[in-house]
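Here is a structure to look over, with a few questions to guide you through it. Have a look, then read on.

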Amino acid sequence: MSLRWMRGVRWVRHTLYLLLLVALMAAGFVAFLIQTGAVERWARHELIHQVELRTGTRVELHGFHLHLWHLRVELDGLTLHGLEPSDVAPLFYAKRVDAEIRIVSFFQKKIALEEFVVEEPEVAVRIDKEGRSNVPQPKISSGSRPWRETLFDLQIARLELRDGSAYVNNRRVPLALLGRNFQFQLHYDAADGGAYAGSVSWEQGELASWHDTPFRFDLVTKFTLHHDAFEIDQLICKLPHSELDVRAQLTHFEQPQWSFQYRGRLSLDDVRTIARQPGVPSGIADFSGQGEYAAGEWKASGHYAGREVQMRDVWYHAAKMESWGDYEIANGVLVVPNLGIRALGGSGEGRLEMKLANLEFHTETRLHGLRLSAALAAVDNIDFPVDTLHWDGLISVDSVNTWTSNFKHFRTRGTSQWDPPETSAPGMLPVSAHLIFDYSMDRRNIDLTQSQIATPKSTIDFDGTLGAVDSALELKLQAANLTEWDDFIDDLRGPDSTPSLFGGAVTFRGRIMGPLGGPTFAGHIHVAGAHYDRAEWDEMDGGLEYSPELFELTSTLLRRGNTSITMNLNLWFDGNWGFVPGSQWSIDARTERAATADLQTVLGTNYPVSGLLSGDFKGGGTRAAPTLDANFSLDEARIKGADFNRLSGVLHAEPDEWKLSQAELISGTGRVAGEVDYHPREQSIDFQITGAGISLENIGAIQNPKLPVTGRLDFELRGNGPVHAPVAQGDFRVTNIKFGSEMQGNLTGRVVSDGQRARFTLTSGMLHGGLHGDVSVGLTGDEPLSGEIIAQQIDMDPFIVSGLHLKQLTGHSSVDGEFHFSGSLMKPDTIEVTAEISQISFNYEFVQLQNDGPVKLSYRRNEVRIDQAHLHGPNTDLQLNGSARFDRDRPLHFTMAGNVDLRIAKGILPDLVAQGRADVNVSVEGTISKPRITGRVSVRDASATYADFPAGLSHVNGDIVFDRSRLLFDHVTAESGGGQLTLDGSISYGEGPLRYEINAVTPQVRIRYPAGMSWLAGGKLQLSGTSSASILSGQVEVKRVLFAEGVDIASLFASASDTVTGPAPSSPFLRNLSFDIAVRTSPGARIEWTSAHVDIDGDLRLRGNWERPILLGHIHLLGGEMAFRGNNYQLTRGDINFASPFRLDPELNIEATTLINQYQVTINFSGHASRLSLNYRSDPPLPDSDIIALLAIGSTGEESALRSSNSSSQNYGATALLSEAISSGLGGRIERLFGITHFRVDPFLSGTATESNAAARITIQQQVTRDLNVTYSSNTSASQYQLIQVEYAVRRDLSVVFLRDINGTYGFDIKFVKHFK
Amino acid sequence: MLRNFLISGLLAALLGPGAARLRAQTHSFSTLPVLHLSGGEQTVDGVAARIEDDILTESEVRELAGYQQLVDGKAKPRADLLRELEDQWIVRGEAKTAKFPEPSAEDQQRAYTEFVKQFASPEDFQRKCAAAGLTETSVRRTVTEQLYLSRFIDYRFRPAAQVDDAQVQTFYQNEFAPQLKARGQPVPSLDEVQDTIREVLVQRAISARAEKWLDDTRAHLKIDIVAAGSGS
């Protein structure tokens, strides 16, 4: 380290010490100055000097306190005197000023005010008539002033003016400001004679001068103050949602005249917040314009456009409204001559005037195209739920509206026209109306003059006043159906009411009174086809009053069908439409032979009671505690299916007691009378009932269609106590008891109850045998049951027939035995019945069966057990024991062993008629639905036929083996139709329905089917399927077909076209049986019938079913002979083809020849059997008419036979006369149209409704020769319906008439005509 | 010259077919024999009568006359034929207006077959047709027409032809029973024949109503008999 460096360090150290000393001395000096108040005095002096210098005022200051260390200044009693006289208020005065200073830049000597609070400031500016004010000019000398001098440059972080006032010529403006970032600059421009230029910027200001309501705003303004004028170069005021931009100019203080231009956006939300008026709607208005203020008057003009206007008033709430127009303000009146409005889907135009002094509005508007649905939604509220009317339409309104500020004293009057819309939303009703209205907010009512509203099904005419306090509206409502008002009515009833369905054609004439929030409807109502929920009636007519306090019907008639009720009804509500539990009510009603079915429909009930009700009914009390007194009679009563002539009595009902006195129930000769007093709360009853002459036929509970019970019941019963355990006693007697047609005798009994147990004692007076016993039933707990009934020689026939469905009883049956009961009625599973039948016998299908030893049965828990049963009879000796249950899957356990007479099998298979004997040894297990039978039944020399089956079996021998689920035919042989038959196969019964797989083989049997035919055939047939669908298939070879004498083959073929050719079988099995059998003829096969035989060769297939058999294939008629209508025909050729798979309608082509009177006549049948045509030809050739005559008259050898049919010809006389009459009617018309005397064309050829008439068969009348006239009638759809008349005139007065009538009988008349003069 | 020749040729080519067609139309509706346009043409048919806005042709008159001759052996006078054709026209118009269905082809064939079978033989039928100047087609047409019109009359008037029991009783007592007794026939009970009697009375009522209707309708029709037999 060098010495030089050390010297330098020492110099620096000494300098620092010196500087420190100087600083300490300076600080001490300053502290001295402060302590002595010199600084404060200097600062006060300097402040006053600078203010006076910069403002030109004279400053008075009562107190000055400088808190140097806190940089805070407090001024008390600051007064700035301007140019005003001394006896008036100074230019500025503040009671106190607190300022907190913040040094912005120490070196630039720039400071700011952190806080500036002025308490009770008062500014008083006076401007005289010459435009001079008391605002002085700065005292700065002009020579030393720059061109532009900054007088003030204040930055105040927080500015507050408390409780101040500003006066401009004694006009006070409150001063109460609070804001931040207040900047104020004021410059003085020396040019142009000197002017002050200033700017004010204030953020987050709060102005408390507007109705003392503070609101925040940002304000930026620039101004210039000339010595005789004032200019606001720009003033921008921003509210939260609004903005105003103004430029203003005061041209001369001497003649003050403001002119200004402005534009801005006003949000009504800001107005609502600032003015604290919740009723002010929402919306935005853009406006711009210009104006001026001079001589105390404002003038302005401009344009505004309001949008998104939304009203929130309870009685009017709508959104998205718009308004626009040009306005002018003059003479304190704002006028919008071209007011435009768009709201509620429509638009309008009009004129608006508003007096600015009191904001008094006056508008004249013409609106059109407004949507009614939107308008109703806008006025809908809980007291006026019109939205639920679901109305829609287009509204036009011409109205004049007036109000003062903020819709005060609002009034609107005018006319409104509603027209149906072109289209409506689903569920909306098109409405038309004409309204003349006058609404006054002050009066709180609306006058409606001779107005009308019409919906598709309703018309409302009204005239009067609806008011919030009181209404008086005359109303006439005509509704074809009230249902379209349902939602509105439900809403009127209140939000807690259950929606109900009202309907009917209503006419109401009356008035609406009272406040609109709770109106009273009073008038006369008539409803046709009325219904209220499920209650319905044809007509209702009466006086109605409906209000929040009362629902009243007076002198009201309710009618449904022949039922009518007249009544007065009062329901007192709780003041708000509510019918609460404590609400009073009363009813006084009368009805005369009213059908209860109608009454129940009216009341919406569904009790199992019907009849004709008459009586007086009076009710009252409260809803929670109603009472009812009735003196009633119910004629032709039907109660729970039982018919009675009359039920009458006096009923008193209240919550704690139901008392029926003088009660009488009459049915035929039976009568039940008594009194019943029931106390629901205590569940106790006191009764005394007697019955006499009661027919058991009328007691449905004991009737069974298969086992009708008749007799007469008399009883007497009295008791009291708990309903389910009364102390009671009574006697009953049933006389002349008949089960079915069997007279059983009399039965008497007594019942005694001590409140704990009821004991029934039975004593019989039966015609055969006897029945007596005691049964005891406990009335408490599980109601234990015990007792016994002893039967002696009781006739069991009706019970066996109806209960066991065994109708083939062929003799008397009887039973002796004891039946014991035990268990509990409340627990049916515990009920046990044991029976020991010492003797039982019955005769079934002439098989007399009787027991050997006692038959022991027991029943418990749905199980019947046969402990011991041994029955014997002719060919029968059977032991039976086991059990069967009737619950779960109904299991079976039975064994049967012994011999059985097969006649009994008819009880199992009703269609089976069997004889013979079988050895049985089987056991049955499984369930009733799936029995498993094992064992064997051996049949010896039995016979059987089944229902309508054409072949029966005889000499049946073999074993039938039961193999759990199958029945097997084990070497079963039988004889049928003279041939031997072998059966094998099985019947499955284990799973589902019975299933057959049975084969039958026979070399040759004879089958008689259908009636009159006998087939000799052999082959193999197989039956397979079930009872509901089975098929008989196989191959059969036919050797011969025989027709019994009298069988009409022609008719057989003619009727073959019917869709049902087989006889309707009585057996369901045969009805469900289908065929698939191939049938071939054996060589030399032939068809034979009386005096005829035909050799055939055929190959057929039988399909279809028993009722509709279908044959397919062909039969060739190889040759043969037959006698037909008295002639012997040689069959020359023939074919029968069965081609239709849908019906048995073969196509025939058969030709036969015969020789008549040396003419060989050939007849040809051709076509389908249903439309067979017959052609004739002869050799030598003859006309058809001659052939017909030949066939009809036959040879002379036949005449004697024809004469025997004389009576038929006589009947034909009547027929011919009538036919001639009919024919003449038809022929006359034809003659008129076509001029022909002979009726040549039958108009009723097939296909007309009168085809079956006799006239339809009159077709041909041919004059063959001069003396011979042939009339031939043929129904073309049925060739056998032929009528032939041949009239031969022997002489002029003698003729012979040969007849063949439609029935195929022949006759002849000899007519002799003698004329007398 | 050549130009004139070509124009004339073209006009002739254009007017030639048109003139011929015009002539044909005039010929079809010509009613007077004097309107023969040229010696080589013949009158195929003629208007026998005008009825409303329709006509009855001579061929229709001839066909009906032939049909009567075929059936009854002789034809009625022309006035009767025209009246019958007019009646047919009335009934046919009513039936067409009512869209009454034509007889099926099967019915037409059956009616024709039945009609032919009334003659001794097909040859006899052919011979008589030729004598009456009828063809098979015309006979078929007439038979079908007879079937159609008679069915329509029944359809048209049967619903209105109501017969009560008293009328049946009266007919039975006053007409039926006396006639049978006059013939010496036993009289069946009313129950046996009342259905048939009812049909007789229905037929009478139908005829009466049809007669009245035809007469009334004819009275309101504009019928103009053009020429008595000139066309036939």
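**A walk through the model**

Q: Which residues of helix α3 (residues 268-275) of chain A are buried?
A: Start with the ground rules: this is a predicted model, where local features need pLDDT of at least 70, side-chain atom pairs count only at pLDDT 80 or more, and totals for chains, interfaces and linings use all residues. Residues are numbered from 1 along each chain as its sequence is written, chains are lettered from A and ligands numbered from 1 in the order in which they are written, and side-chain values use heavy atoms, with hydrogens and water left out. Helices (H or I, at least four residues) and strands (E, at least two) are DSSP runs numbered from the N terminus, and buried means under 20% relative accessible area, exposed over 50%, partly exposed in between (1.4 Å probe, protein chains only). In α3(A), the buried ones are D270(A), R272(A) and I274(A).

Q: Which strands are included in what covers the buried residues of α3(A)?
A: Look for contacts, meaning heavy atoms within 4.5 Å. The cover over the buried residues of α3(A) includes β12 (257-267), β13 (282-294) and β14 (297-313) of chain A.

Q: Why does N169(A) count as partly exposed?
A: N169(A) is placed in the loop between β6 (148-168) and β7 (171-189) of chain A. Beyond its neighbours within four places in sequence, N169(A) contacts V125(A), R126(A) and I127(A). It counts as partly exposed because its relative accessible area is 40%.

Q: How far apart in space are N169(A) and D128(A)?
A: Along the sequence, N169(A) and D128(A) are 41 residues apart. In space, C-alpha to C-alpha, the gap is 8.4 Å.

Q: How many bridges join strand β9 (residues 216-225) of chain A to strand β10 (residues 230-238) of chain A?
A: Two strands pair if DSSP finds at least two bridges between them. β9(A) and β10(A) run antiparallel, and a hairpin of four residues connects them. L225(A) sits opposite F230(A). The bridges number eight.

Q: What is the strand order in the open sheet of three strands in chain B?
A: Its edge strands, each pairing on one side only, are β2 (54-57) and β3 (223-225) of chain B. Strand β1 (residues 47-51) of chain B pairs with β2(B) in the antiparallel sense over four bridges, with A49(B) opposite L56(B). The order is β2-β1-β3.

Q: Why is helix α2 (residues 58-72) of chain B called oblique to helix α5 (residues 122-132) of chain B?
A: Axes are lines fitted to C-alpha atoms, for helices over the stretch in contact, and angles run from 0 to 180 degrees between N-to-C directions. Angles under 35 degrees count as roughly parallel, over 145 as roughly antiparallel, 65 to 115 as roughly perpendicular and the rest as oblique. The axes of α2(B) and α5(B) come within 9 Å and cross at roughly 140°. That angle makes α2(B), relative to α5(B), oblique.

Q: Which residues of α2(B) make the contact with α5(B)?
A: On the α5(B) side, the contact is made by F125(B), K128(B), C129(B), A131(B) and A132(B). On the α2(B) side, the residues are G66(B), Q69(B) and L70(B).

Q: How many of the 1317 residues in chain A are buried, as a percentage?
A: The secondary structure of chain A comes to twelve helices and 72 strands. The buried share of its residues is 43%.
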